[in-house]
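I have a new structure open and a notebook beside it. These entries record what I looked up, in the order I looked.

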Amino acid sequence: MAENKDDVTVELNRLRASIDNMDAALVHLLAERFKTTQRVGILKAEHDLPPADPVREAEQIQRLRSLAAESHLDPEFAEKFLTFIVSEVVRHHEAIRRERPDPS
Ligand SMILES: O=C(O)C(=O)C[C@]1(C(=O)O)C=C[C@@H](O)C=C1
(Lines give C-alpha, C1' and ligand atoms only; values in the text may rest on other atoms or scores of the structure.)
Protein backbone atom coordinates (compact mmCIF):
# COMPACT_ATOMS: atom_id res chain seq x y z
CA MET A 1 0.00 0.00 0.00
CA ALA A 2 1.41 3.43 -1.00
CA GLU A 3 2.37 5.75 1.89
CA ASN A 4 3.56 9.22 0.80
CA LYS A 5 2.56 11.32 -2.24
CA ASP A 6 5.47 10.09 -4.39
CA ASP A 7 4.64 6.46 -3.59
CA VAL A 8 1.01 7.09 -4.51
CA THR A 9 2.06 8.60 -7.86
CA VAL A 10 4.38 5.65 -8.60
CA GLU A 11 1.64 3.15 -7.69
CA LEU A 12 -1.00 5.04 -9.73
CA ASN A 13 1.28 5.10 -12.78
CA ARG A 14 2.08 1.40 -12.38
CA LEU A 15 -1.63 0.52 -12.23
CA ARG A 16 -2.38 2.80 -15.20
CA ALA A 17 0.35 1.13 -17.27
CA SER A 18 -1.34 -2.19 -16.57
CA ILE A 19 -4.75 -0.74 -17.54
CA ASP A 20 -3.22 0.58 -20.80
CA ASN A 21 -1.91 -2.92 -21.63
CA MET A 22 -5.31 -4.47 -20.97
CA ASP A 23 -7.12 -1.80 -23.02
CA ALA A 24 -4.72 -2.49 -25.91
CA ALA A 25 -5.41 -6.24 -25.61
CA LEU A 26 -9.17 -5.56 -25.65
CA VAL A 27 -8.86 -3.45 -28.82
CA HIS A 28 -6.76 -6.15 -30.53
CA LEU A 29 -9.24 -8.86 -29.51
CA LEU A 30 -12.19 -6.80 -30.74
CA ALA A 31 -10.44 -6.14 -34.06
CA GLU A 32 -9.91 -9.91 -34.52
CA ARG A 33 -13.54 -10.59 -33.56
CA PHE A 34 -14.81 -8.05 -36.11
CA LYS A 35 -12.54 -9.54 -38.83
CA THR A 36 -14.20 -12.92 -38.19
CA THR A 37 -17.74 -11.55 -38.02
CA GLN A 38 -17.07 -9.72 -41.32
CA ARG A 39 -16.46 -13.14 -42.91
CA VAL A 40 -19.65 -14.45 -41.26
CA GLY A 41 -21.55 -11.46 -42.73
CA ILE A 42 -20.26 -12.21 -46.26
CA LEU A 43 -21.12 -15.92 -45.89
CA LYS A 44 -24.63 -15.07 -44.65
CA ALA A 45 -25.25 -12.56 -47.47
CA GLU A 46 -23.99 -15.02 -50.10
CA HIS A 47 -26.35 -17.73 -48.84
CA ASP A 48 -29.30 -15.45 -48.11
CA LEU A 49 -29.19 -16.11 -44.36
CA PRO A 50 -30.66 -13.50 -41.95
CA PRO A 51 -28.13 -11.03 -40.44
CA ALA A 52 -29.24 -11.77 -36.84
CA ASP A 53 -29.61 -15.16 -35.15
CA PRO A 54 -31.53 -14.64 -31.88
CA VAL A 55 -31.14 -18.31 -30.80
CA ARG A 56 -27.35 -18.11 -31.10
CA GLU A 57 -27.39 -14.75 -29.26
CA ALA A 58 -29.41 -16.22 -26.38
CA GLU A 59 -26.85 -19.06 -26.08
CA GLN A 60 -23.94 -16.59 -26.12
CA ILE A 61 -25.59 -14.45 -23.42
CA GLN A 62 -26.16 -17.47 -21.15
CA ARG A 63 -22.56 -18.64 -21.66
CA LEU A 64 -21.04 -15.20 -21.02
CA ARG A 65 -23.24 -14.54 -17.98
CA SER A 66 -22.05 -17.77 -16.42
CA LEU A 67 -18.37 -17.11 -17.31
CA ALA A 68 -18.75 -13.62 -15.83
CA ALA A 69 -20.20 -14.96 -12.58
CA GLU A 70 -17.31 -17.45 -12.26
CA SER A 71 -14.85 -14.57 -12.80
CA HIS A 72 -16.57 -12.25 -10.28
CA LEU A 73 -17.64 -9.90 -13.08
CA ASP A 74 -21.20 -8.53 -13.03
CA PRO A 75 -23.24 -10.81 -15.40
CA GLU A 76 -25.50 -7.86 -16.22
CA PHE A 77 -22.47 -5.90 -17.43
CA ALA A 78 -21.21 -8.90 -19.46
CA GLU A 79 -24.61 -9.21 -21.15
CA LYS A 80 -24.78 -5.47 -21.94
CA PHE A 81 -21.24 -5.56 -23.35
CA LEU A 82 -21.99 -8.57 -25.60
CA THR A 83 -25.31 -7.09 -26.75
CA PHE A 84 -23.56 -3.82 -27.64
CA ILE A 85 -20.95 -5.64 -29.76
CA VAL A 86 -23.44 -7.99 -31.42
CA SER A 87 -25.78 -5.12 -32.37
CA GLU A 88 -22.83 -3.47 -34.16
CA VAL A 89 -22.05 -6.79 -35.91
CA VAL A 90 -25.69 -7.09 -37.06
CA ARG A 91 -25.47 -3.53 -38.44
CA HIS A 92 -22.36 -4.57 -40.42
CA HIS A 93 -24.11 -7.75 -41.67
CA GLU A 94 -27.08 -5.67 -42.86
CA ALA A 95 -24.74 -3.27 -44.70
CA ILE A 96 -22.92 -6.17 -46.40
CA ARG A 97 -26.29 -7.59 -47.49
CA ARG A 98 -27.46 -4.21 -48.85
CA GLU A 99 -24.23 -3.55 -50.73
CA ARG A 100 -24.18 -6.96 -52.50
CA PRO A 101 -25.08 -6.94 -56.18
CA ASP A 102 -28.69 -8.09 -56.71
CA PRO A 103 -28.56 -11.78 -57.82
CA SER A 104 -31.63 -11.37 -60.13
O1 LIG B 1 -22.97 -16.28 -35.26
C2 LIG B 1 -23.55 -15.55 -36.07
O3 LIG B 1 -24.50 -15.97 -36.76
C4 LIG B 1 -23.13 -14.17 -36.24
O5 LIG B 1 -23.59 -13.49 -37.14
C6 LIG B 1 -22.19 -13.58 -35.23
C7 LIG B 1 -22.94 -12.90 -34.08
C8 LIG B 1 -21.82 -12.43 -33.08
O9 LIG B 1 -21.34 -11.32 -33.22
O10 LIG B 1 -21.43 -13.26 -32.25
C11 LIG B 1 -23.66 -11.72 -34.62
C12 LIG B 1 -24.99 -11.76 -34.95
C13 LIG B 1 -25.86 -12.90 -34.64
O14 LIG B 1 -27.13 -12.50 -34.23
C15 LIG B 1 -25.21 -13.84 -33.69
C16 LIG B 1 -23.88 -13.82 -33.42
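**Handedness, before anything else.** I needed one term settled. A crossing counts as right-handed if the near helix is turned clockwise from the far one by less than a right angle, and as left-handed if it is turned anticlockwise. I also noted that this model is predicted.

**α2 and α3.** I applied the term here. The crossing of α2 with α3 is right-handed. I then looked up the geometry. The two axes, of α2 and α3, cross at roughly 145° and come within 8 Å.

Next I listed the residues that meet. From α2 I wrote down E57, Q60, I61, L64, R65, A68 and A69; from α3, P75, A78, E79, L82 and V86. I sorted this contact by class. It has 8 nonpolar, 1 polar and 3 charged residues.

**α1 and α3.** I moved on to another pair. Helix α1 covers residues 5-46 and helix α3 covers residues 75-99. Their axes lie 9 Å apart, at an angle of about 40°. α1 is therefore oblique to α3. I checked the hand as well: α1 passes α3 in a right-handed crossing.

Which residues make the contact? On α1 I found T37, Q38, G41, I42, K44 and A45. On α3 I found V89, H92, H93, I96 and R97. By class, the contact of α1 with α3 has 4 nonpolar, 5 polar and 2 charged residues.

**The whole chain.** I stepped back to the overall layout. I counted 3 helices and 0 strands. Along the sequence the pattern reads α-α-α.

The C-alpha trace spans about 75 × 30 × 15 Å along its principal axes. The radius of gyration of the chain is 20 Å, whereas a compact globule of 104 residues would have one near 13 Å.

**Around the ligand.** Which residues are around it? I listed T37, V40, A52, D53, R56, E57, Q60, V86, V89, V90 and H93.

The largest share comes from α3, with 4 residues.

Note on methods: Residues are numbered from 1 along each chain as its sequence is written. This is a predicted model: local features need pLDDT of at least 70, side-chain atom pairs count only at pLDDT 80 or more; totals for chains, interfaces and linings use all residues. Axes are lines fitted to C-alpha atoms, for helices over the stretch in contact, and angles run from 0 to 180 degrees between N-to-C directions. Helices (H or I, at least four residues) and strands (E, at least two) are DSSP runs, numbered from the N terminus. Angles under 35 degrees count as roughly parallel, over 145 as roughly antiparallel, 65 to 115 as roughly perpendicular and the rest as oblique. Two residues are in contact if their C-beta atoms, placed from the backbone, lie within 7 Å. Ala, Val, Leu, Ile, Met, Phe, Trp, Tyr, Cys and Pro count as nonpolar, Asp, Glu, Lys and Arg as charged, and the others, Gly among them, as polar. A residue is near a molecule or strand if its C-beta atom, placed from the backbone, lies within 6 Å of it. The radius of gyration is taken over C-alpha atoms; the globule rule is 2.2 Å times the number of residues to the power 0.38.
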